[in-house]
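I opened the model today and kept notes as I went. The entries follow in the order I looked things up.

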Amino acid sequence: MASATVMLQQPSGELWKRIKAELNEDPNTKDQDLAAIKEWLRKQPHLPDEWEDNCLMAFLRGCNFSLEKTKRKLDLYFTMRAACPEFFTKRDITRPELTDLMSRAQGPTMPGLTPNGRRVTICRGLDKNLDTDQLNDAFKITMMVGDVRLREETEGVAGDIYVLDASIVAPSHLGRLSPSALKKYFICVQEAYPVKLKEVHVINASPLIDALYNIIKPFLKEKMRKRIMFHKDYTALHKYVPKELLPCDYGGTGLPLDDINKAWYEKLKEYRGWFKEQESLKANEALRPGKPTNYDELFGIDGSFRQLSID
């Protein structure tokens, strides 16, 4: 089985230098930038007084060390933690429903980095009977992995590549998707987390996936839409992702995806206490200066989506 320490291998050498330049990270001023964000956080009555340095550094890197952008993203991150308890509470991976879901669907980040310093994450379902009612738990696990990465990405990376295996998507799934859950999830991914999503590859695509994409499309930012590529099978991945970063399941030379997924399960199990502690770190709208965030406005579903018909 892959070891958890290998799973988040950090960049080094010339790659490390290139990534720092790309992220606008200046070793002479980064401590000053971190101190400024920590001071700002202490002055916000509606936000936690403090947070771990590694997590704050992840936000600075994800925002290219723009202090104003970092502040906005941190505010929304803690706002989403309060607004979406279905994603950010009861995050004990040993709970039966979460353990079961991880055995029926996988979404681990692969070991290592691409030559340009990007992470690769592969998501697939193993059970065609997966219920869309489990969508919130699937999103919860995704963001559990995301939060572990906030803490353990000590050097930063040049972005993320996601591979989505659509082989088990069935017509019955489409009509049961929750627009509310989808919108909340994509706000988290696109606005609240310091993720630089560079490429999304959908493999084993079919006409059914076109219909699914039309459901999701209203929630995607324009730049995100341009980064999504559809492929009929996994062999197309080999043009974009080095084979050593792909599991043998997808024609690569890496460990089986099942092994990587099991290693992530063990990692998430190690973090049970930390996840519990994190539940209290969220925005308190009653203390927000000015107008409190209106969740109905934040999560309002676009009218065009409500009118979408699914064949």
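**Entry 1: an arginine in a helix**

I began with the side chain of arginine 81, which has a polar atom 2.7 Å from the backbone oxygen of leucine 281. The side chain also reaches the backbone oxygen of glutamine 278, at 2.5 Å. I count a polar contact as a pair of N or O atoms within 3.5 Å; within protein, one must be able to donate a hydrogen and the other to accept it, and residues adjacent in sequence count only if both atoms are side-chain atoms.

I noted that this is a predicted model, where local features need pLDDT of at least 70 and side-chain atom pairs pLDDT 80 or more, while totals for chains, interfaces and linings use all residues. Residues are numbered from 1 along each chain as its sequence is written, and side-chain values use heavy atoms, with hydrogens and water left out.

Is arginine 81 buried or exposed? I found arginine 81 buried, with a relative accessible area of 4% (buried is under 20%, exposed over 50%, partly exposed in between, with a 1.4 Å probe and protein chains only). Not counting residues up to four places away in sequence, arginine 81 touches residues including Phe88, Asp147 and Glu279 (contact means heavy atoms within 4.5 Å).

**Entry 2: the helix around it**

Arginine 81 sits in helix α5, residues 67-83. Helices (H or I, at least four residues) and strands (E, at least two) are DSSP runs, numbered from the N terminus. I checked the length of α5: at 1.5 Å a residue its 17 residues should span 24 Å, and the end C-alpha atoms are 24 Å apart, which agrees. The expected span is 1.5 Å times one less than the number of residues. Among the buried residues of α5 I listed Leu74, Tyr77 and Phe78.

**Entry 3: the strands**

I then looked at β2 (residues 119-125) and β3 (residues 160-165), which run parallel and are joined by 6 bridges. Two strands pair if DSSP finds at least two bridges between them. Valine 120 in this pairing stands opposite isoleucine 161, and cysteine 123 opposite leucine 164. On β4 (residues 197-203), which runs parallel to β3 with 6 bridges, the partner of isoleucine 161 is glutamate 199. Strand β1 (residues 105-106) runs antiparallel to β2, with 2 bridges; alanine 105 is paired with glycine 125. How many residues of β2 are buried? I noted 6 of its 7.
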